[in-house]
Every structure is written in structure tokens, then in C-alpha cells.
Amino acid sequence: MVGYLVVLLLVLAAAAYWIGRTRAIASVNGDVARLHSLPGQHGMFLALFAAGPALLAIVLWSLVTPGIESSIIADRFSSELSGMGVPQVEAFIRDARAMAFGGLVGFADPAKEAAAAVYKSIHTTSTWIIWAVALVLSASGFYWAYSRIAQAYRARHVVERVLRAFLIACSVVAILTTIGIVLSLIFESLRFFQQVPFYKFLFGTHWSPQSAFTGAGTEAGAVNQDIFGMVPLFAGTLLITFIAMLVAAPIGLMAAIYLSDYASKSVRAIAKPVLEILAGIPTVVYGFFAALTVAPYFRGIGESLGLNVASESALAAGVVMGIMIIPFVSSLSDDVINAVPQSLRDGSAGLGATKSETIRKVVLPAALPGIVSAMLLAVSRAIGETMIVVMAAGLAANLTANPLEAVTTVTVQIVTLLVGDQEFDSAKTLAAFALGLVLFCITLTLNIVALRVVQKYREQYD
Amino acid sequence: MNIMTEASVEQKLSSGTNEPSIKMKGEKVSVHYGEKRALFDVDLDVRENQVTALIGPSGCGKSTFLRCLNRMNDTIDIARVSGKITLDGEDVYDPKIDVVELRARVGMVFQKPNPFPKSIYENVAYGPRIHGLARSKAELDGIVESSLKKAGLFNEVKDRLLESGTGLSGGQQQRLCIARAIAVSPEVILMDEPCSALDPIATARVEELIDELRQNYTIVIVTHSMQQAARVSQRTAMFHLGYLVEEGATDKMFTNPDDKRTQDYITGRFG
């Protein structure tokens, strides 16, 4: 129902644009040059006032209504709901809503059906109210703006100001979302740290949260604090990232040097997009590749050399992850190498340096800060990668530096902790948030360092 | 490096008693950038221990000709050079010639100062290092010091040789680039508008320097400033639309040119 209202308002806006334009032109008898603002700006002005406030009201309404509706239901059925805990009340209202508007219902009973009927009638009323409010706002906005359009009216200023407000609102949404995500991570992590002290989490070397509630003999809810040590996960992450960078850094850098300084235009035109296709392959496909092709291959080599290679090895996951981030390294490095001024290359060539001497002794040192930051960004990408590791490196937390064994990473454990039907407030589930927080801090630090390095680099050429 | 071929001996003998010998010789030099022809059959000689100025309006081909002399046009994919350019009688476009060695003998200073983002010392030591000119650290120190002295920069930077070359002023940077070129002991130094990014005082210093360097090196300079050409050069060549209009002793070119276009350009009627 409200969807139709939005469509109607958009149609009104289009009509208002046209009307405003026409009126502006008519106000000067077609001599457009006499208008303070362009006819299109008058049209935009009218459209903004005809649809803007109404759309804003709809957004507010959709944010506020569910809460109001739930509280009305909770109020009307307070006798039925008395004695229930918070989750049960939430479930009751959720079911009532599902029965009213279609959806999955847990289980039905007469009280819920009554609640659903009430829910439906309240919602119908509130929909009528928003229709009325929106149409009134739209009409009055249109009337007010229409009466203002005149030769000297500064429609351009109004439109510019409204657009600026809109852009600010967009960036505020982005920033608030980030802050919200960080805050939710922090609060859930704090709940976890109430059950498991943070030093045991940060410095413990044993990770097996699947056995969080030790045996049948322990009392319900007692948490074994010693099995939440994140060190093995962190070590696994570092090991795989290290292997990945061992693959990606040299190959990516060499490819970037070839593309920027050696490749002819036609080769570059083909090779660069092809390399960037690597970045477009879904990581889950890399996961197949790692688990089904690379891992058995490494195991075969290992067996022929007499080594014992696990079928899910850090090596396979790391190598495939390295292949995945090659385009990151090469594309970013290519940019910074290209940013080194041609005059430096000419200066070096003019002294009789060969191409490789010029690249080794002038171009790369000048581009080094940028290359370092490219590497750091690639590292933070590798640390955050999940799918390849889930498929190729295994789930067993294993504190080892041997790349031939199975290890697991922070991201993989977050996935396994949250998949499955666990109570949401158990230590096991909350551990995922603490891991997420640690991961966030690491990648944030890496990104900040990378940005700082880039800034320093920019200052170097005036 | 300094093997005199028969041709260069002949040139020396035929060039008369007062005229300095011919160091570099261009014969019917033409350059195409893709489809576009930038230089038409230019014949121009560069004489030893003299400053040869190339003048002319923008886009006339003077920089293109300059870049032919040490094959810097090789770095541009679409550039094609025909004709013959010799250095001491050797064809520089001969496939047997090593372009790296050629550029060590014919150094270049660019329009915009382009010191490497390294220390002042490393900037000057760069060329000697890649050509293996110094056998010891002490010898390298000596080359750096004498090059900086010849470029008239040593006294200003002797206390901060390890600071970045990009931190110097524009004029100092350009003299650093000249010192860098001198450090590989070239025979010819090409300068592509070396003062166009400098203020008048820094320009005067560089011009003085060019005059001093003439004792030991052969210099070819591209310039947009008539006064500069008149002040520093012994011979001047006037280019226009890819053709060499006129070439001769600077005194004569600026007082009594043969070609009307030279007259017009020098007196500021076009260009």
C-alpha cells in the first residue's frame, strides 16, 4: 500500500518538475535569459517541495510505526503476556505480525490470532494516516513552492542547499552505520569478556569452543574459560597470510613492473584487464580450486618427497589466496609506479642507465612507499578472507608453524561459531564478536598505516 | 672511448686552422612521430668546446633534434629517426653502438630540474656507480666533490650532502642535475631549456656555469630566450616548422642574419 504511495509521489514529482519549468518560462513570457535561475532549476525546486517532505514523512513513519504497533499490542494483551520473559513477548508479537501479513508462524493459539486481528486493524489505520499526511504535505508543499516561482526568485540557491543537505545525509548514514557496527561489536564483545576474562582470550593457546560446556557433570551455564584462547587462530591467520604474501608480493610486483615499464600499449591493453579478471572471480570459486585441485596436488608432491601433507593444508589455502590477491598488488603497484614522473626515468636514461637499472635504482625506490601501502592493503584483504580457508585449510585450531598441516583462521572460526542453533547469549556465540573485534582492530591498523604511508609518499613530489 | 676514427681525423684536418673541429654532425636528419613529420632533413654540425644554441618558436623541432643526438627519442615508441648523426665520425644510430655508452658520452640536462628522490651525494654518484667509474669509496667521493665543484654547487651543499636532492631550490636542483651529468665525464652535454623553470638570478648562475663548462665539454643548448642564446653561445641554429632555417656564428646571426625569418624571430616579430 505504502509502495503505491511512494510511486504516486514520484509521479507527482515528475509532473511538478514539468509544471514548475513551464510556469517559470511563462512568468517571463519565454524570455528565459531574464530568469534568475534556469527553468529546470525552478522545476527541480517545485518537484523537491511537492515530493520531498512527503517522502521524508514516509521514511520516518516506516522507522517509527513497527515500534508503536508492537507497544500497542503489548499494551492491549498485557494480561496474556504477563509472566512471559522478554524473548517470549518478542516471539508473540513476531508471530502475530506474521499471521497478520503472511510469513512463517512459530505456532498459533487463540490469543495470537486475536492479536493478529488487532495488529491488522492498527496497521490499516496507520497506513491511512500516512496516506493522508503525505498527500497533505505534498499538496501544501506544491502550493507553497508554486506560488513562489517568479522571475527574480532564487530557485537555484534553494535547490543547491537541498542537494547539499541530501549529500550530507548520505555521508552521515555511511558514517553512522560504521559506528553502529563497531559499537555492536564492542558491546557483544564486552558481554563475552564478562564470561571469559580477556587475558585468557587474548593469550590462551587452546581453542575448542565446541566443547564450551564441559561434560555432563558440570552445572548448567558454567563456562570453561580455558578453551577460548585465540592464539592458535591468530597464528593460523598469520601463517596463511604470510604464505599468501609470499606468492602475491613478488608475482604482483613483477607483473606491475612489466605492465608499467616494459609492456607495449597493445599488450598492456589486454594483459591489464585479464589480470583484473582474477579480482572478479568469486572467492568461493577459488575455494573449489584450492580444495579440489591445489591441495591434492601439493599432497601428491609431498608424498613423492616422503612428506606428510594434510589434505587440508595451510600451504594450499595460502597459495590460492596469494593468487587471489595478485591483482590487488599488481593493480595498486602499477598505479604508484606509473605515478613516478617520466622525468626521473628520462634523467636516469640520460645518464646512460639501462632500463632495469633505472627501474631498480630510481623508479622502485621512488615508488616504494606506495608499494608498501599496496602490500599492506593486500595483507588486510588476505586476513579478512574466509571462503578459501573454510574450504581448503580446515577447521581444526592448531598452533603450528608447519605450512603442511591443517590450520584455521579467525574468520573461519567466526563462521563456525555463528552457524548452527546456539543460544545467542552463550559464550560460544559471543566469542565470535570478540574475534570480529580483534580482526577489525588489526585490519583498521593496517589500513591506517597504509594510508599514512601513502600520504607521506604524496608529499615527496611537491 | 676516445678512439679517433679516420673520418674524425679528416674532419679535424679539413676544418681549417681557426675553426674548432666538428664533434657531432647531423646529416639529413628527419624525425617522424607516427604519421606526423617533426623534422625535415636537418644538416647541422656541433663544434668541439663550443656552445651551440638551438632557437626557434615552440614546436619547431629544436628539442626533437637535441634528443636525436643521444637517442633519447628511442624511449618514445612512435618516434622514427632517419638520416645520419655522427659522434667523432661514428654513426650513433649504428646497431653496433651501445646506446648506454652513447648516453654516457653525450649527457643530458632537462627542462625541469629532475633530481632523483635520493640524497645529494647519491644523485651525483648515480652515474659513476652504474658505469663502474670509481674503484673505491674515496674515488667516488672525489668524483662527487669535483662534479659538484664544477657545477658551482659544492660550497652551498658541502655540509648537507646526505640530505635529499629534492629539498634544494630550483636553481640548485638544476645545478645538481648538471653535476650529475658531469659526473660520468661526458664529452657532450645536451641542455633542453635548462633555465626555463628558474628565476633570473639562478638563470645567471647557470649561464655562467655553461660558459665555464665550455672549456672541457661540448654543449648544445635549446633555449627560448634570445638574450640567453646571444650571451652563452658561439654558434646558433634557427629552426622553424621542422626545418633548419639558418645556422652560423652567433654574432652574425644576431646582427646580420641571412634569412628574413631569423630576422623576424630575433626582433620579436613572431614566435
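Leaving aside neighbours within four places in sequence, A:Val320 is in contact with A:Tyr286, A:Phe289, A:Ala290, A:Val294, A:Ile388 and A:Ala392, where contact means that the C-beta atoms of two residues, placed from the backbone, lie within 7 Å. This is a predicted model, in which local features need pLDDT of at least 70 and side-chain atom pairs count only at pLDDT 80 or more, while totals for chains, interfaces and linings use all residues. Residues are numbered from 1 along each chain as its sequence is written, and chains are lettered from A and ligands numbered from 1 in the order in which they are written.

**Nonpolar cores**

- A:Val320 belongs to the largest nonpolar core, which has 156 residues and in which A:Ala290, A:Ala317, A:Val329, A:Ala378, A:Ile388 and A:Ala392 are likewise among those with the most contacts; such a core is a set of buried Ala, Val, Leu, Ile, Met, Phe, Trp, Tyr and Cys residues joined through C-beta atoms within 7 Å.
- Helix H11 (residues 314–339) of chain A provides the largest share of this core, 16 residues; helices (H or I, at least four residues) and strands (E, at least two) are DSSP runs, numbered from the N terminus.
- A second, separate core has 24 residues, including A:Ala13, A:Leu48, A:Ala50 and A:Ala155.
- Burial is defined by counting other C-beta atoms, placed from the backbone, within 10 Å of a residue's own: 20 or more make it buried, 12 or fewer exposed, and values in between partly exposed.

**Annotated spans**

- For chain A, an unreviewed UniProt entry lists "transmembrane region" at several spans, among them residues 43–64 and 233–257; UniProt positions follow the numbering used here, feature names are shortened, and annotations may be inferred rather than shown by experiment.
- Residues 43–64 of chain A are 100% helix and 0% strand, with end C-alpha atoms 32 Å apart, and residues 233–257 of chain A are also 100% helix and 0% strand, with end C-alpha atoms 35 Å apart.
- For chain B, UniProt (unreviewed entry) places "domain: ABC transporter" at residues 24–266, a span that is 38% helix and 27% strand and whose end C-alpha atoms lie 26 Å apart.

**Contact between chains A and B**

- The contact draws 15 residues from chain A and 22 residues from chain B.
- On the side of chain A that touches chain B, helix H12 (342–350) and helix H13 (355–384) of chain A each supply at least two residues, and H12(A) gives the most, with six residues.
- That side of chain A divides into six nonpolar, six polar and three charged residues, where Ala, Val, Leu, Ile, Met, Phe, Trp, Tyr, Cys and Pro count as nonpolar, Asp, Glu, Lys and Arg as charged, and the others, Gly among them, as polar.

- From S7(B) the chain crosses through helix H8 (residues 200–213) of chain B to S8(B) in a right-handed β-α-β crossover, meaning that, with the strands pointing away from the viewer, the path from the first strand over the helix to the second runs clockwise.

**Hairpin and backbone details in chain B**

- Strand S9 (residues 235–240) and strand S10 (residues 243–249) of chain B pair in the antiparallel sense over six bridges, and they form a hairpin with two residues between them, where B:Leu241 in the turn has a positive phi of about 55 degrees.
- Most residues other than glycine have a negative phi. B:Glu193, in the loop between S7 and H8 of chain B, has a positive phi near 45 degrees and is buried, with 21 other C-beta atoms within 10 Å.
- B:Arg71 also has a positive phi, of about 60 degrees, and counts as partly exposed with 19 C-beta neighbours inside 10 Å.

Key:
Pairing = 2+ DSSP bridges.
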